[in-house]
Amino acid sequence: MDRSNNLHQSTNTQHDLYLQEIEGIDDYWGPTFRAIYDNDEHAFFQEKLEQRIRYHDKDIERLCNVYYQGFIDSIRELLEVRSQAKKLNTEVCTLDNQLQHAAESISKSGAELVQARKVQSNIAVVVAQLNLCLPVLTTYSKLKKQISEKRYYPALKTLEELEHLHLPHVASYRFSLQLRESIPKIRESIETASMSDLKDFLENIRRFSPKIGEVAMRHTNEQLANDPTLVGRKKKRIAPKPPGSEHQFPEDELSAQEMIDFSPIYRCLHISTVLGSRSTFESYYRAERTKQARLVLQPPTNMHESLESYRLYIHAVLGFFILEDHVLNTASGLITRAFLDEMWTMALTKITTALQTHSAYCTDATLILRIKDLIMLFCTTLRNYGYTVKPLWELVRELRDHYTEVLMQRWVQIFREILSSERFRPIEIDTQEEYDIILSSFPLDIDVADDIAFPYSFAFSSMVPKVYQQVKEFIYACLKFSEDLNLSQVEVDEMIRKSMNLLLTRSFSGCLSSTFRCPHVNLQEIIQIIVDTSYLEEATVYLDQFISNITGETSHGVKTGVVQGQPALFRVAREDAVRQICEKLQQKLKEFLELEAYDWLLVEPQGHASSFVTDLIAFLQTTFRSFTNLPPEVAQVACKSACDYIANSMLELLLNEEVKQISMGALNQINLDLLQCEQFAASEPVKGLQEDVLLAYFTKLREVLDLFISWEWPAYFHDYGQDTNKYKQVNPEIAIIILEKLREADKKTMFTVLKKSERDKKKLLETVLKQLRQLSQMPPGKN
């Protein structure tokens, strides 16, 4: 029983501890509840917890009963005090209003009296001090007026008077201190205002620079018209006008000094000198003008498209440096000669580069001539003002080369038009008048008979006199650029001769080469072109004399580049013509060869050459007879090319993969055709060729046919690889191909196997094929 009581007492103590933990901790009761539930005492603890709650409820009720009566008594006393306080407040407010009403009039009268006495005293003091301040204010007003009227130099004098004479008398006043403090600002504002005028002036002259340059170049042009010897002569100023004639000239005739008011520069320079900032002003002016120079030197984007763009650019540059020259001579050291020379050196490089770059894009010869005239007038005007222009003269020389290139491009189009419209036939005339017209347009070095029979035919086509006249026009066009360049006759002569040679050897030859490649130009037309070039080469001596007559220089002939009758003049074009002749000749031969209709299983030959071979030989004979006017070497090359092409084509017919069988009759027919070709080659179709040159082209085919027709295989195998071999050009591969085709043809013949001779021939053929295959597999150089 005691043990049970002890256990119950221990449990109560533990539960009291749990309740104390719950009452002492407000937020974290987890461990306490876990311990209660782990011991399985939650039911008993709940009863303990309800007891503690009832205990606290009784405690709270007891406290409320004790203090409630005192609270009610306090509220009653507070209500009584509120009514008494409200009554007291009403009485105080009433007394306050009575006192304010009684003292209001007395206070007003006193304040008025004090204020009147103070004003009277202040007036007396102000009147006394105004007599001291009035000169200061008057001087300051005068200063403001002068500044507003932009009379900056008198304003500076007034400011000195104000600072040193009047302000010391009123030094005790605050406004005096303010005025004294504002004097540096006023000086700075005067300097700033004068600099603002200077900026306006700089902007103004930047706009007027093109007009000044235009007027200066117009004056120079007028002087050159009156006296051309003035080119290059230095002249610092424009010629003075006669007295009393000013009213006769418009604004364009005024000089730079008269068109621009330079007073802002002089005024600003004087002010900066007085203020002791002359060096700063000089640096500023030079920096600003340098910036403006860079802007002026920037050419328009598409300057090369029109002469007006060049003119505006050159006028602006010229006007800029005319103004700087005037400032140099009138602004007493604002800029120096060294500074101006340095800026001009920089500008000259940029001007030359800009003109050089944009002129390179120009493709109009007339525009280039006008640009040249403009640059020359620009150079002359600059030299009149003492500027160096040597790089610009060098630019004109470079422009001359570009002008020549542009001219050649134009004449390329002219030559192409002439060649595209030309029929390339010898000129035929019916009257003496037409004959004389031809001779007047093209110098023909022939003995003219007195009794010419009409119609008459020249050897050359109408292209020759047309090209000759266009070359003369080109020479005239080249001469135009040399005008007014002060070049010697020798320089002009060399320039024209060099340009003419380039025109003929490069431009015209290129046009000829392009014409040769045109599909519509036939063989006879190419032959006529070669004849025409020969006449043009012979006529270069007259072009040489024509240049000498223009320039006044003695004819130099070949030394000056005029090639008199030399084949090298149109060598490249002639080589192209020869190639085209060979190609077109081969194309025509191909057409004939395509007409072949061999019966490859023919038993017996026809006994005469094939018709297509006969027609082909007739065509070649007719063609080579028309080559009589060509240079011999041209006809020889064409003839060699034709024979080589025929021989190779006939051999290719034998080796053609589409031909599967060939009979001996077909080989004999090809042999007859080859004999016909060999007879043509031996007939000397073109003069000047050695006897066996053309036959050599048919040697390989001849050896092939002879080997198969004669069937000399033992000799072939015995001498194979030796120089004495009769059939040394027949290689085993070709022989194998033809033998296999012969074998296939024999298979088509019925009953051949019944004949002993045919069986022996077949065995021999197989033996030959076997030996040929062995030879074809042997390394080169071994037999």
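Buried means under 20% relative accessible area, exposed means over 50%, and partly exposed lies in between, with a 1.4 Å probe and protein chains only. With that in hand, here are the close-up views. This is a predicted model, in which local features need pLDDT of at least 70 and side-chain atom pairs count only at pLDDT 80 or more, while totals for chains, interfaces and linings use all residues. Residues are numbered from 1 along each chain as its sequence is written, and side-chain values use heavy atoms, with hydrogens and water left out.

View A. The closest N and O atoms of E405 and R506 are 2.9 Å apart. Helices here are DSSP runs (H or I, at least four residues), numbered from the N terminus. A salt bridge needs a side-chain nitrogen of Lys or Arg within 4 Å of a carboxyl oxygen of Asp or Glu. R506 is partly exposed because its relative accessible area is 41%, and E405 is partly exposed too, at 31%. In the whole structure, 21 salt bridges are found.

**View B. T404 is a buried residue of helix α12.** T404 counts as buried because its relative accessibility is 7%. Leaving out residues up to four places away in sequence, T404 touches F474 and S499. Contact here means heavy atoms within 4.5 Å.

**View C. K372 and D373 meet through their side chains in a salt bridge.** The N to O distance for this pair is 3.1 Å. K372 sits in helix α11 (residues 365-384). K372 is buried, since its relative accessible area is 2%, whereas D373 is partly exposed at 39%. Around K372, setting aside neighbours within four places in sequence, the contacts are V396, L399, K480, F481, E483 and L485.

**View D. E203, R206 and R207 are linked in a network of salt bridges.** Take a look at R207 and E203 in this group: their closest N and O atoms are 4.0 Å apart. Both R207 and E203 lie in helix α5 (residues 174-226), four residues apart, which is about one turn of the helix. R207 is exposed because its relative accessible area is 51%, while E203 is partly exposed at 32%.

**View E. K199 of helix α5 is shown with Y285.** K199 is partly exposed, with a relative accessible area of 48%. K199 and Y285 are 86 residues apart along the chain, and their C-alpha atoms are separated by 9.3 Å.

**View F. E428, D430, E433, E434 and D436 gather in a patch of negative charge on the surface.** Asp and Glu count as negative, Lys and Arg as positive, and His and the chain ends are not counted. Patch residues have over 30% relative accessible area and no salt bridge; like charges are joined within 9 Å. Each charge is placed at CD of Glu, CG of Asp, NZ of Lys or CZ of Arg. Helix α13 (residues 432-441) supplies the largest share of the negative patch, three residues. E433 has its place in helix α13 and is exposed because its relative accessible area is 58%.

Notes
Patches are made of residues with over 30% relative accessible area and no salt bridge: like charges are joined within 9 Å, nonpolar side chains (Val, Leu, Ile, Met, Phe, Trp, Tyr) within 5 Å. Accessible areas come from the Shrake-Rupley method with a 1.4 Å probe; for residues, only the protein chains shown count as cover. Helices (H or I, at least four residues) and strands (E, at least two) are DSSP runs, numbered from the N terminus.
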